[in-house]
Amino acid sequence: MAGRGLSAPLPLLLLLLVLGEVLPAAQGSGYLSNYRLRSRLQRDRHIRNIRPNIILILTDDQDIELGSMQAMNKTRHIMEKGGTHFSNAFSTTPMCCPSRSSILTGKYVHNHHTYTNNENCSSPSWQAHHEPHTFAVHLNNSGYRTAFFGKYLNEYNGSYVPPGWKEWVALVKNSRFYNYTLCRNGVREKHSSVYSKDYLTDIITNDSVNYFRMSKRMYPHRPVMMVLSHVAPHGPEDSAPQYSTAFPNASQHITPSYNYAPNLDKHWILRYTGPMKPVHMQFTNMLQRRRMQTLLSVDDSMEKLYNMLVELGELDNTYLIYTSDHGYHIGQFGLVKGKSMPYEFDIRVPFYIRGPNVEQGAINPHLVLNIDLAPTLLDMAGVDIPAEMDGKSILKLLETDRPVNRFQLNRKGKTWRDSFLVERGKPPHKRGDGKEMEQEENFLPKYQRVKDLCQKAEYQTPCQQPGQKWQCVEDPTGKLRLYKCKGMASLYAPRMQALMASGGSQLSPTSNSDSCNCGDVGLKTSVLKRKRLLTKKNPSVSSSSEMKSSRTMARKRWARSVSFELDGDLYAVDLEEGYLGSRNSSWATGRKRGTGNEEDNDEFSGMGVTAKPTVSNMLTPHAALKVTYRCSILMNDTVKCDGGLYKSLQAWKDHKLHIDHEIETLQTKIKNLREVKGHLKKVRPEECQCDTPSYPLNKETFRLNAGRMHSLRMPSKQKTQWLQKEQKRRKKLRKFLKRLQNNDTCSMPGLTCFTHDNHHWQTAPFWTMGPFCACTSANNNTYWCLRTINDTHNFLFCEFATGFLEYFDLNTDPYQLINAVSTLDRNALNSMHQQLMDLRGCKGHKQCNPEKGGKERNYFSEYRPVHRRKRPKVKKPSSKSLGQIWEGWVG
């Protein structure tokens, strides 16, 4: 019995041994099959409708040129080693609200019309026309759970939740770290200055992580799209307490362009800006330190977000994108701080991406823009990209290229842009009829623009033409100038048209009558005599001893002023005395000859001597404006009185007394009218919404209410524009008065200035060097730039609204220290100008992403031809000076 009891477990032990060998093999086989199944699911996620999560991390004012990424080791480890770094990423408008609007809509500024941080920034127009078409709306409609955390737009007031967002936690107004208000799904939420509860970077991080966890728990099969819009490193640059002592010797901002001022070859702001003072330089050092300290909290946020994705198993199915709205400058070109300049430090941004099928540890040199974000997010989600978006999806740039075999050496490569538009400021002014002012054929320096305008027929006719305001004149040095036709041409246009229709030959400019006799004016006086005309009193003009006879005086009183060229400038000499002395006898003799030199007539036609009236009054009375009962103003802006005033001193005194009395009477009447006008302003009724009224007005009522009637006749759109301008003017005046009351002297004409003192920063490290003032930008700094990077070119070409040009070859001048526009020939300038004009008016990705010169850009091979319509090539600038662009141009 005992032997059987001991031998019975042996078969069981053998069975257990066999099972022990089989089970691990089965488990291993199951693991491998699960792995293969998991990989297949990932490869076929589009077929199985398993779409990726998308997380966009956006910072505010973060540069790439001044070394801000050096403070973010965790972010660089996550994004550089695990994803792709785009080394040529740019913002098309280096300002907060315009750039953020471009990110949301995928459009250039000229298509979404948010030109500044104030104008149309989260305005009713933006909310009605552009906000319903952001990428969030398209993703939400496609089934994504969308969420926004952080700064939205500068002028967002928190009164509504924009369409397309399931979860909405947005900052009201501009960037702050403490003492701010959030709009949490439509409910305003105020925060104070307690770090553990109110530090905005941590609030954004914690809320976004909690939302992602909750979404995956409640809706495990629905993808999530989140935007984490941090306010760092924007001012007031308040760091977390644990980082307030970091980077004590921050100096990454000191680049070759640091304090490089003044810049006499650049646009007017940089010509105006001088070197920084020691207090400004000390401020830039502290500013760089504080900015990098704020980014340490963003670095922690990236780590927390990454760990959450790893924990939930969503890392491999999530796209992470890290970028900024634009760059920043700290001391560059003497500008203490700010953005809005077209140079590399303001338009370059960090741009990293990791996710499914994204190559790890790669650097991609293709041009990517902020307008590419919206179409890229839609492409990641498998949503159709609207044709009106100006940007392009960058997903095809992320696909890893297969090895090229020997039979496909001529295979067509990827096509991508090599140029883009940088724009800042408001569009050109509009005319009264609402049409945009016509742009010159070559938006270049003044001399070239005048030359182009002079080709038009309307500027080539003499000033006697009815309704003409300008005439093109060639001065003695050969330069073309636009000269304003004085006085009466536009006033007499209707009357002149009637007289010409009736066949009045007396008004013909080619008439042989004495009144239109264009003899030799004899303006070719010596330079010495021209300078004498500019003296306060010329004896030849004022001396009564040289007035030989009344007939001679009448013949010489033919103009109140004369204009002529002197040393390249146009002078208008006021001849109030009205008499020409014998020392300028060449003028009179020229008139006596009658015919004179035709070249002189052509040369000086339209420069104030538009006609040469004589004693005979051959001009019809209808062509003169009767001012008094004895004097009239003729068509050519000359005064003509009857002969009695020139012969009798008593008659002259009596008529002058009469004119003085008339002036006094009119001044009294004007004073009374102003009092009535002031009264009408006080009792103005409320604006009605009806159409333009047509009230029967008598003549006197119309005179008293001329300004009021003008406003009634204005169309509603024009009236709205006028009211907006009036509101801006009053706002400007209030600011000016407030500065006067506060003894604020920190202002410069036309510049945007700021003051800084010991109370500005409320967190450590503190500023203790006292108050100072600095002017760094201007509201009217409007420009359009062409930025090109390819195998042969790397340049920035800018046209400012003032007509000033800048060109920088970044292959030889990477810090844009020298404006090299004078080294370009005219063909290269015209080619770049035309390309820039095309981009300024582009709409949609096809127009806004041209392939210039029939070439495609590829950094790793030569250009390959693309069979599309060819455009003019941009010539490579030579290091040798090719001379100035045109004669007379001064850069």
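This is a predicted model: local features need pLDDT of at least 70, side-chain atom pairs count only at pLDDT 80 or more; totals for chains, interfaces and linings use all residues.
Residues count from 1 along each chain as its sequence is written, and side-chain values use heavy atoms, without hydrogens or water. Local features need pLDDT of at least 70 and side-chain atom pairs 80 or more, while totals for chains, interfaces and linings use all residues.

**Exercise 1.** Work out which strands stand at the edges of the ten-stranded sheet.

*Solution.* Start with the order: the open sheet runs 6-5-4-3-7-1-8-9-2-10, with mixed pairing. Strands here are DSSP E runs of at least two residues, helices H or I runs of at least four, both numbered from the N terminus; two strands pair if DSSP finds at least two bridges between them. Now read off the ends: strand 6 (187-190) and strand 10 (362-369) each have a single partner strand, so one side of each lacks a neighbour in the sheet.

**Exercise 2.** Find how strand 3 and strand 4 are joined.

*Solution.* Take strand 3 (residues 145-151) and strand 4 (residues 167-171): they run parallel, joined by five bridges. Then zoom in on Phe149, whose bridge partner in strand 4 is Val169.

**Exercise 3.** Say which residues make the nonpolar surface patch of about 200 Å².

*Solution.* First, the criteria: patch residues have over 30% relative accessible area and no salt bridge, with nonpolar side chains (Val, Leu, Ile, Met, Phe, Trp, Tyr) joined within 5 Å and like charges within 9 Å. A salt bridge puts a Lys or Arg side-chain nitrogen within 4 Å of an Asp or Glu carboxyl oxygen. Areas come from Shrake-Rupley with a 1.4 Å probe, and for residues only the protein chains shown count as cover. The patch is made by Val676, Leu680 and Val683.
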